[in-house]
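Subject: Structure handover

Hello,

Please find the structure below, together with its sequence. My notes on what was found come after it.

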Amino acid sequence: MLRTIKRTLLGATVALAVAALSLGVLITWPAPLFAFSLGSGKIIVASDRPIPPSGGERFLRDCERLLNRSPLKAKSRQYRLYVTNDDWRQRLFFIPHRDSWGFAWYYGFAGHAFMSGADFESGQVVHWGYTGTPPRTLAFLCAHELTHVIAWEHIGLNRLHVSQWVWEGLPDYVGMENRETFEQLRDALGDRPVDIPMWAKFGFYPRYRLLVTYFIEKKGWSVDQLLQTRLTEDEATDIMRADEKR
Ligand SMILES: [Zn+2]
């Protein structure tokens, strides 16, 4: 009996390890599952469905423009982005990030990003049947996810020490088409907790973006200072608040 249980457990562990490994391989080399692609410049977008040329080109231009004005400079010659429109592809690739609209993947020396469904003509994200609205456009999501890849390639393993408010706040700051000034964003967010309307209006991580905006624009921090800081979200918020009271 005990031997049977042990054998079953071992079998289950091996099966799980093989599944995790296969998924890892698939996420690292996804290209064979994405038949269509567009772009020859800084960004290549690949999709499981045909990409309309005009909408696709506009999307690439918009995303590249957002990345160009980022305080974090991209080092690689080219970045790849994969769009999973089909249900099964979305389910498969998004297993580790079921509710995310996109995610970035970095494997030591290079990386790429994934986005759930895309409507290139309207520039909107499509996620499990929902359609994103500005400011969370397709170009926003592209710039957000690729900023993760660029940040990874900038700091490598130090990623482990980057606080969540920096890790998500910086890509959000980069991805915003009409970025608010610190004062505008602070006054708009106020002191209330982040709720759905706020999330819809100001993007994924408005509070993180407020902190990043503060340290870049008010404190004059460089992007390296930001990526190296060990300040927690609470500590960073205290500094920002204390500064406002002066
Ligand atoms: Zn993110």
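The notes go through the structure one part at a time.

Please keep in mind that this is a predicted model.

**Helix H4**

I would start with helix H4, which covers residues 138–155. H4 has 18 residues, and the distance from its first C-alpha to its last is 26 Å, close to the 26 Å expected at 1.5 Å a residue. How many of the residues of H4 are buried? The count is 17 of its 18 residues, so H4 is mostly covered, given that buried means under 20% relative accessible area.

Ala139 is one of the residues in H4. Ala139 counts as buried because its relative accessibility is 8%. Leaving aside residues up to four places away in sequence, Ala139 touches Phe59, Asp62, Cys63 and Leu66. Asn85 is 54 residues from Ala139 in sequence, and the two are 16 Å apart in space, C-alpha to C-alpha.

In the loop between strand S8 (130–131) and H4 is Pro135. The peptide bond from Pro134 to Pro135 is cis, and its omega is near 10 degrees. Just after H4 comes Gly156, with a positive phi of about 55 degrees. For background, most peptide bonds are trans, and most residues other than glycine have a negative phi.

**The zinc site**

Which residues coordinate the zinc ion? They are His144 and His148, each through NE2, and Glu168 through OE, at 2.1 Å. Along the sequence, the spacing of these donor residues is H-x3-H-x19-E. Both histidines, His144 and His148, belong to helix H4 and are four residues apart, about one turn of the helix. His144 and His148 are also both buried.

**The disulfide**

A search of the whole structure turns up one disulfide. The disulfide joins Cys63 to Cys142, with an S to S distance of 2.0 Å. The link of Cys63 and Cys142 is left-handed, with -80 degrees about the S-S bond. Why does this pair tie together parts that are 79 residues apart in sequence? Cys63 lies in helix H2 (residues 53–68) and Cys142 lies in helix H4, so the link runs between those two helices. Cys63 counts as buried because its relative accessibility is 0%. Cys142 is buried as well, with a relative accessible area of 0%. As listed above, Cys63 is also among the residues that Ala139 touches.

**Gln90**

Gln90 lies in helix H3, which covers residues 87–93. Is Gln90 buried or exposed? Its relative accessibility is 3%, so Gln90 counts as buried. The side chain of Gln90 reaches the backbone oxygen of Thr84 at 2.9 Å. Leaving aside residues up to four places away in sequence, the residues that Gln90 touches are Thr84, Asn85, Ser116, Gly117, Val126, His127 and Trp128.

**Helix H10**

Helix H10 (residues 233–245) has 13 residues and reaches 19 Å from its first C-alpha to its last, close to the 18 Å expected at 1.5 Å a residue. Which residues of H10 are buried? They are Ala236, Thr237 and Met240. Seen down the axis of H10, these buried residues fall within an arc of 100 degrees, so they line one face of the helix. The buried residues of H10 pack against helix H5 (164–175), helix H6 (182–189) and helix H8 (206–218). On the face of H10 turned away from the buried side are the exposed residues Asp234, Asp238 and Lys245.

**Asp191**

Where is Asp191? Asp191 is in the loop between H6 and helix H7 (196–202). Asp191 counts as exposed because its relative accessibility is 66%, and the cut-off for exposed is over 50%. Leaving aside residues up to four places away in sequence, Asp191 touches Arg207 and Arg241. The C-alpha atoms of Asp191 and Phe109 are separated by 41 Å, and the two residues are 82 residues apart along the chain.

Regards

Definitions and conventions. Residues numbered from 1 in each chain as written. Predicted model: local features only at pLDDT ≥ 70, side-chain atom pairs only at ≥ 80, totals over all residues. Heavy atoms only, no water. Buried < 20%, exposed > 50% of the residue type's maximum accessible area, 1.4 Å probe, protein only. Contact = heavy atoms within 4.5 Å. Donors = N, O, S within 2.8 Å, 3.2 Å for Na, K, Ca; no water. Polar contact = N/O pair within 3.5 Å; in protein donor to acceptor, adjacent residues only side chain to side chain. Disulfide = S-S within 2.5 Å. Expected span 1.5 Å × (residues − 1). Arc of directions from axis to C-beta.
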